[in-house]
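Subject: Handover of a structure

Dear colleague,

Please find the sequence and the structure below. I would be grateful if you would read the notes that follow with the structure open.

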Amino acid sequence: MRRRGRGIACMWYPIGFTVSANPSAATVKVNEDGTATLLTGTVETGQGSLTVLGQIAAEALGIATEDVHVVSADTDATPMDTGAIASRTTYVTGNAVKLAGERARAILFEAAAPMLGVKPEQLEARDRKIQVRGFPQRSVAIGEAARHALVGKGEPPIGTASFNPPTVAMDPETGQGKPFATYVYATQIAEVEVDDETGEVEVLRIVAAHDCGTPINPMLVEGQVEGGIAMGIGFALQEEILFDDDGRQINPNLTNYIMPTSLDMPEIEVDIVPSHDPTGPFGAKGVGEPTSVPTAAAIANAIYDAVGVRLTALPMTAERVLAAIKAKRAAQPQQLR
Amino acid sequence: MSALRITVNGREHVLSAPPETTLLALLREHLGLTGAKLGCDVGDCGACTVLVDGQAVNACLMLAAQADGRSVLTIEGLATPDGLHPLQEAFERHAALQCGFCGPGAILSAKALLDANPAPTGAEIRDALAGNLCRCTGYTKMITAVHAAAQALRGAGAEMPPLGLTASPSIPLPGGEKGGGLS
Amino acid sequence: MSDRRTVTEDPALRESLSGLEASARLPATLPPAQFPIETLVPEVRQQTPAVGQRATRPDARLHGLGQTKYIDDLALPGMLHARIKRAGIAAARIVRIDTRAAEAMPGVMAVVTGRDVPVNSFGPSLQDQPVLADERVYHAGDGVAAVAAATDAIAAEALERIVVEYAPLPAVLDPFEAMREDAPRVHPPASNVYAHKIIRKGDVERALAEADRVFEGRWTTQMVEHVPIEPHAAIAAWDANGRLTVYSTLGRITLGRADIARTLALPVNRVQVIGTIVGGNFGGKNEISQEPVLALLAKKAGRPVKGVFTRGEEFYASTTRHPFFMDYKTGVGRDGRIRARKVRLVLDGGAYCSWSETTLGKACILATGPYRIEHVQVEAFAVYTNKTVAGAMRGFGAPQVCFAYESQMDEIAAALGIDPLEIRLANAFDEGAASPTGQTLESVVVKASLEQAAARFGWREPRS
């Protein structure tokens, strides 16, 4: 018989890593027409980091996403970056990009100030314009300011900056310290059906509420959450590298190492929790890794809710679930559910 | 070496290849069509999916000789100079591709589905994508994108307007004469 | 399509070409058409402010068209294909490697072993991993020799002709066995426990003794592979100035460049690392693997060399997620408030340290969960075994400890008759809470996430 259950799990996750310094640098170059080029040493590994970093650069300059072209991942041409690792790109590289954009913007403000008859401090960059704060009708197109800076003043609007999250080393005896700049939080709730004859677990639905600070691109945040849940389901129910007695892998292939397919995916509902981290770029923190953190626990708790057995070893395969159900029946035959 | 006559993306090729040549090797190494990917080489991952006479196949498992006299569609043959295929547009629009390595295969599996079944259910879409492993997306946005593309194809046929795409220039020209709307 | 040009390649012409090179690299008869679809800019990419927009990805358009060039889609003129011979034995002394038969094969252009590597060690925190095993094999996936040949098939066949004689050593496969004093050392004379961390706050023993209820349990997790759909791939090419260019699927090119330069004993400025679009990483492509090997092969052969891991190598020759053994002891008041939590973690690190120290650190910091707990003690050990290397994988230990702390939370809730949502709300961090390391936490929204998920799910609604 198929029995339904629900399980909840929450988590926290730090942004960046602790072993050593964790810097990123970035360069933003504004072109004659107000478009811009961003140079970053990070590598796009699928998560959409180049789009997000482009959006951050665009925001710093008051232009649109499309206006920023992103050049990445060439050690000869792009600035130092600690890399696409540890959910650090939006926060650490993003902060470097924002600072670099602001430095380029400061050059534009210097160029635009005499054009508008004000001081640079009175200016803001918005909607592809540089305008007087409080008087948006007094403005110049960002391209005009850029051209003036470049060909009028001979001062190319280029900004370079770096960012390293401020941390405090941990005491080796007690572990006390400030190992990370910030943390994100999340909750996932799983609804499952467990077949108590076979032990098979089907995940029907997962609701996920994730904090990432300001979502720079909510669509890409959702993509991270959905993908992380898929990986979490594999971790929870299917995936395991097995060894023979001599230490050789038994299943090093995708025939016998089972990872989730489109048929294994439940309905996923993603909520982004409103949050703003003042230390992140425009309030952003990060989202990559945490998305797969609470899934296995939520499913384990849902299995318990469904059939009253607690699995303490992953993956919770049908064999293990069935063995647990049988053990429970043997121990308490009168309490059969 | 045997002579093969294979139509690829609407163009006929007469080729010779060693008998052990797979269709995937023929496409990638001989024809320079690298859209189909080598992910596992044993038909588990689906990254090499192409259409042969309209059917989705794992090109790593099929010998080039088995495609003799048949018509192969790779991802490179899907768009036209007029624009993206609605599936490509929907996958872009809905962020259905992250690292993209499985993308060409998944899009072609979806095309085989929509050619046969213009109004698939969610379960039918999941079935069609079941042979295309993706580690990034959790398939969710892919399924959404296939639904959207099916709708677009049903709605307006080949004449369908691009999904939310505009042809406007990206930025006002210096001097502001075309940037009037922005200042 | 209306344009039905017929491109004919005359078989007779083909037959007349002789030699390996011709059959190895047939000329492309028809390069794929690539045309800009530049006028089609999604509106959302034109909007300001840029932050917060559901902007589409320009790279995703290329993915969907099949135009993205991943490493395996690149071919440099004259490029060779590399394969690496894997030990297939978990622990052994290498007595002898005979590469002569492989070198004699037509089409084989270079063979290298560990003795050819100028500095044969690397690793992000401990440099305990050989580029190619030379004296000793530490796990079955260790590379022992590599071949560059005109085709991948020739390279694969050449591996079969390399003879390696091993003197087997006792393998340690269980981390608890490895922690025993009398266990064989994986990296003699170093201890098998290569990383250790403690976090201590308050008086956990006293608080456990005084707690109304104490819950104890052990949770374990398995070894998991990242499974990027794109396998590890790299191309190495030298120029006449002795400058090396490496195209690689590495996720951290700046630090990868330093590692490559170090293993090859090159000045850093003579190495260029180009990371193209990577077909999935998840932590598995965070350190160098075959890059120095390809560079050495390319140097020996005088040609660019490409290497692409087989799916099998993705499993046994790349890193994996650490198996965790987690003992939790938690003291709770009748009200469901957690007073004390004591955690002991043992990480099976496999044959090399890799990113174990980071994994260990994050696991320790996170192990007690997002909860206000006054008395905390976490102790963790990373242990060598003669198994596949465990390294960075999405979450660095967090998915493992979350499985334990959230499972135990539900056990506590069930035992005390408290709803699982309510017990979490009663214990969760508030803004300004102190973490187990004494850090004051800001922008804390764990309770908000609990409430938001519960509302969306309908947790508090009557169950059908």
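The notes below take up the chains, their domains and their contacts.

This is a predicted model, in which local features need pLDDT of at least 70 and side-chain atom pairs count only at pLDDT 80 or more, while totals for chains, interfaces and linings use all residues. Residues are numbered from 1 along each chain as its sequence is written, and chains are lettered from A and ligands numbered from 1 in the order in which they are written.

Chain C

The C-alpha trace of chain C spans about 85 × 65 × 45 Å along its principal axes. Its secondary structure comes to 14 helices and 17 strands (DSSP runs numbered from the N terminus, helices being H or I with at least four residues and strands E with at least two). Of the 464 residues in chain C, 59% are buried. A residue is buried if 20 or more other C-beta atoms lie within 10 Å of its own, exposed if 12 or fewer, and partly exposed in between, with C-beta atoms placed from the backbone. Among the contacts in chain C with a separation of 6 or more, 77% join residues 24 or more positions apart; two residues are in contact if their C-beta atoms, placed from the backbone, lie within 7 Å.

Helix 13 of chain C, residues 420-427, has as its buried residues Pro420(C), Leu421(C), Ile423(C), Arg424(C) and Asn427(C). Seen down the helix axis, these residues fall within an arc of 165 degrees, so they line one face of the helix (the arc is that of the directions from the helix axis to the C-beta atoms). They pack against strand 16 (338-350), helix 12 (398-416) and helix 14 (446-457) of chain C, and also against strand 1 (2-14) and helix 5 (295-307) of chain A.

The largest nonpolar core

A nonpolar core is a set of buried Ala, Val, Leu, Ile, Met, Phe, Trp, Tyr and Cys residues joined through C-beta atoms within 7 Å. The largest one has 320 residues, of which Ala57(A), Leu108(A), Ile299(A), Ile303(A), Ala148(C) and Leu297(C) touch the most other members. Helix 2 of chain A (residues 89-116) gives the largest share of this core, eleven residues.

Domains of chains A and B

Domain bounds come from an automatic or database domain assignment. In chain A, this gives domain 1 (2-14 + 183-335) and domain 2 (24-162), with C-alpha centres 39 Å apart. Each of these two domains puts 15 residues into their contact.

In chain B, the assignment gives domain 1 (2-77) and domain 2 (86-159), whose C-alpha centres lie 21 Å apart. Their contact takes 14 residues from domain 1 and 13 residues from domain 2. On the domain 1 side, strand 3 (49-52) and strand 4 (55-58) each supply at least two residues, and strand 3 gives the most, with three residues.

Where chain B meets chain A

This contact takes 28 residues from chain B and 34 residues from chain A. On the chain B side, helix 4 (122-129) and helix 5 (140-156) each supply at least two residues, and helix 5 has the largest share, three residues.

Yours sincerely
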